[in-house]
Amino acid sequence: MTENRTMTDATTTALEKSLTIARDNGHSLAEPIHLAAVLFEADDAIGARVVAKSTAASTSSSEELLVDVRQIRQAIQRAILNRPTQSPPPHEASIGSMLQK
């Protein structure tokens with residue numbers, strides 16, 4: 001059975017950035033951790049905004065929020081750096097099966 005999926009421009013852009021992050025780190029496949037890096041890359045990225053809204057609902061300290069987002073970014077970066085790499089790095093990365101779902 002073939003599914004016809006339509007992606008928004010933002011989704012397409014996020015997946016393309018995930019592929020770039022994977023390739024730049026010597027990974028042949030873009031996996032969910034690469035997409036997570038995109039979703040938290042900037043303060044106005046969707047992942048950071050979700051954390052901001054949930055944190056704002058539970059605390060009034062914006063400084064505490066910035067620490068949380070930084071910690072998330074650091075954890076994502078550590079996870080990416082701990083993944084096995086390919087040498088020489090791939091010319092192109094592909095979407096991994098977990099991102100295709």
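Partly exposed residues, as the term is used in these legends, have a relative accessible area that falls between the limits for buried, under 20%, and exposed, over 50%. The model shown in every view is predicted, and the structure holds three salt bridges.

**View A. Salt bridge between Arg 73 and Asp 43.** The side chains of Arg 73 and Asp 43 form a salt bridge in which the closest N and O atoms are 2.9 Å apart. Because Arg 73 belongs to helix H4 (residues 62-81) while Asp 43 sits in the loop between H2 and H3, the pair ties together parts that are 30 residues apart in sequence. Arg 73 has a relative accessible area of 24% and is therefore classed as partly exposed.

**View B. Salt bridge between Lys 17 and Glu 41.** Here the side chains of Lys 17 and Glu 41 meet in a salt bridge, with an N to O distance of 3.0 Å. The pair links distant parts of the chain, 24 residues apart, with Lys 17 in helix H1 (residues 9-24) and Glu 41 in the loop between helix H2 (32-39) and helix H3 (46-58). Lys 17 is partly exposed, its relative accessible area being 36%, and Glu 41 is likewise partly exposed, with a value of 44%.

**View C. Salt bridge between Arg 23 and Asp 24.** Arg 23 and Asp 24 form a salt bridge whose closest N and O atoms lie 3.3 Å apart. Arg 23 is partly exposed, with a relative accessible area of 28%, whereas Asp 24, at 54% relative accessibility, counts as exposed.

Methods: Residues numbered from 1 in each chain as written. Predicted model: local features only at pLDDT ≥ 70, side-chain atom pairs only at ≥ 80, totals over all residues. Heavy atoms only, no water. Salt bridge = Lys/Arg side-chain N within 4 Å of Asp/Glu carboxyl O. Helix = DSSP H or I, 4+ residues; strand = E, 2+ residues; numbered from the N terminus. Buried < 20%, exposed > 50% of the residue type's maximum accessible area, 1.4 Å probe, protein only.
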